[in-house]
Amino acid sequence: MFSLVTDNLSFAYKDSNTIDNVNLKVESGQVLVILGPNGIGKSTLINCLSGVFSKYKGSIKLDNDELKKIDSKKLSHKLALVSQGVNINTNLSLFDYLLLGRSSFHSIFSQPNKNDEILVDSIITKIGLESLKFTSMQNMSGGQKQLANIGRALVQEPKLLIMDEPTSALDYKNQVKVLKLVKSLSKQGIAIVMSTHDPNQATMVADSVGLLMSNKTYNQGSTNVILNDQSLSKLYQTPIISTFSDDLQRNVFGIEMG
Amino acid sequence: MTEVSRFFLGRANSATKLILDLRFIRIIAVILVGAGLSMAGATFQSVFNNGLASPNILGVSTGASVGAAIAILNNAPIYVIELAAFIMGIVTVVLTIVIDSFMHSKSSIGLILSGIIMSGLMQSILGSMKYIADPEDQLQSIVYWEMGSFMKVDKQALYSVGPIILVGIIFLLITRWRLNALTLDLATVKTIGINPKLNRNIMIAFATLLTAAAVCLCGVIGWIGLVVPHISRQLVGDDNRYALPMSAGVGAVLLVIADTLARSVSVNDIPLSIVTGFIGVPIFIFILIKGRNIGV
């Protein structure tokens with residue numbers, strides 16, 4: 001059983017957001033959704049958890065190993081980051097982009113081999129972009145870029161996926177595609193941490209939800225317990241109302257315009 | 001033709017041998033420089049993920065010109081001019097990197113800006129040297145050097161600089177797949193298990209070495225390092241596993257053609273940058289009109 005556990009995780013940087021005493025936990029096969037308003041430090045938290053920011057205080061344990069002490073090569077075999085897909089700005093084809101997920105399996109002097117290419121092909125099938133295998137990343141839509149981004153992370157064969165607002169720039173159809181993929185990956189035993197603005201997505205995929213509050217506290221609990229009108233209204237500092245949908249068999253959250 | 005075959009069999013008479021020897025040395029130098037500058041350009045374009053990057057982006061060529069000009073003003077022999085160019089080229093890039101390190105910039109933009117700053121400074125120094133140079137011979141030498149020529153390349157120069165270019169070419173060829181990863185954003189590069197700064201600096205170091213060596217052999221040759229990578233990517237796509245070797249090939253062929261023209265258009269050799277400019281500009285316009293995304 002693989003696990004990611006933080007103990008009083010804090011981070012401060014002169015021109016980025018700060019997070020304070022975050023205690024979170026996620027295990028193999030679970031989806032943890034981080035909710036919070038703009039600018040509260042969701043991306044900072046994601047960057048700490050994925051090893052991009054290493055000057056954090058407190059601890060981040062991956063299977064009992066302290067994250068910043070893990071060699072970056074080994075770390076890339078344990079966790080993979082899915083940053084926001086719109087940021088992909090390379091001219092490489094989808095296939096060549098995904099192949100880069102194998103970089104840390106080779107030295108600077110070697111090239112990817114046949115097995116790497118077979119793996120990439122199978123993951124292109126998994127994310128459903130077979131017809132775009134040789135298309136330049138520049139010519140892809142936001143949704144396709146995001147799926148490609150997840151694909152590149154999967155090529156690393158990680159035990160933990162960390163996703164920074166994977167649905168933020170996507171329309172409904174592509175949101176559903178990404179969320180379904182998230183759900184199926186967790187069923188295959190991958191631990192997933194994803195940040196989002198939308199509590200409705202949390203009710204769709206999350207096993208547990210973490211709220212990054214504006215007073216810098218962090219609360220984590222199971223989705224049904226922690227997501228309610230009061231907690232969300234407080235989180236976003238605007239009235240939010242939920243109704244149970246019989247068709248969807250889950251709570252649906254809406255914004256009250258006043 | 002028979003004289004040529006005798007040359008290769010080592011049986012040519014001394015006059016033929018001398019001419020063919022010179023031609024042979026010149027063509028080897030042209031091939032090495034054409035391949036080297038094009039690979040350096042392709043490397044810089046990948047590292048900065050910017051299609052407008054050329055081998056001079058960090059100021060190496062302008063710095064080398066200053067080095068050469070200092071030596072020319074002191075009436076130094078040719079090998080001192082070459083050495084001074086090489087050293088000043090490297091020094092300029094080191095200064096560019098030092099300025100960038102003070103900027104604390106998170107992307108490559110800081111390095112590009114530092115390159116512009118250092119190039120500007122070196123241009124001014126070069127300008128003042130041209131101003132004080134003796135217009136009879138020194139000024140002419142500096143200007144000629146600034147526009148590139150293989151006319152003065154001899155055996156000794158090729159034997160001392162050629163191996164450096166060859167090492168640069170071989171290193172970049174072996175490590176070319178890593179260049180693909182460096183076109184991604186910093187956070188992603190880090191989490192796929194690569195040290196972005198270290199890898200970037202290694203690539204920059206070898207591309208700089210290549211450029212400095214090329215410039216010290218034959219002066220500054222424009223356009224090749226900028227245009228050839230684009231032609232190559234048109235032919236084989238953006239994967240550097242194919243684009244980099246293709247750049248080497250296209251660069252070598254194009255510069256051989258340019259040098260042949262430079263030798264044969266008039267009685268005297270005309271400076272190479274004039275020829276590469278006339279060839280490079282239309283090709284670059286064609287690529288831009290075809291709507292290729294050059295990453296800017």
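What share of the 258 residues in chain A is buried? Buried residues account for 54% of them, where buried means under 20% relative accessible area, exposed means over 50% and partly exposed lies in between (1.4 Å probe, protein chains only). This is a predicted model, in which local features need pLDDT of at least 70, side-chain atom pairs count only at pLDDT 80 or more, and totals for chains, interfaces and linings use all residues. Residues are numbered from 1 along each chain as its sequence is written, chains are lettered from A and ligands numbered from 1 in the order in which they are written, and side-chain values use heavy atoms, leaving out hydrogens and water.

**Chain A as a whole**

- Chain A holds 9 helices and 13 strands; these are DSSP runs numbered from the N terminus, with helices (H or I) of at least four residues and strands (E) of at least two.
- The radius of gyration of chain A is 18 Å, which agrees with the value near 18 Å for a compact globule of 258 residues; it is taken over C-alpha atoms, and the globule rule is 2.2 Å times the number of residues to the power 0.38.
- Along the principal axes, the C-alpha atoms of chain A fill a box of roughly 55 × 40 × 35 Å.
- Of the contacts in chain A with a separation of 6 or more, 66% are between residues 24 or more positions apart, a contact being heavy atoms within 4.5 Å.

**Surface and charge of chain A**

- The accessible surface of chain A is about 11500 Å², and 49% of it belongs to carbon and sulfur atoms.
- Chain A carries 26 positive and 23 negative side chains, with the centres of the two sets 5 Å apart.

**Where the chains meet**

- The interface brings 33 residues of chain A into contact with 28 residues of chain B.
- Together the two chains bury about 2600 Å², with 56% of it on carbon and sulfur atoms.
- Trp177(B), Thr191(B) and Ile192(B) supply 27% of the area that chain B buries against chain A, more than any other three residues.

- Asn8(A), in strand E1 (residues 3–13) of chain A, has a positive phi of about 45° although it is not a glycine. Asn8(A) is partly exposed, at a relative accessible area of 37%.
- Asn75(B) sits in the loop between helix H3 (60–73) and helix H4 (78–103) of chain B, and its phi is positive too, near 55°. Asn75(B) is exposed, with a relative accessible area of 56%.

Note on methods:
Accessible areas come from the Shrake-Rupley method with a 1.4 Å probe; for residues, only the protein chains shown count as cover. Lys and Arg count as positive and Asp and Glu as negative; His and the chain ends are not counted. The place of a charge is taken as NZ of Lys, CZ of Arg, CG of Asp or CD of Glu. Buried area is the accessible area (1.4 Å probe) that two parts lose on being put together, summed over both.
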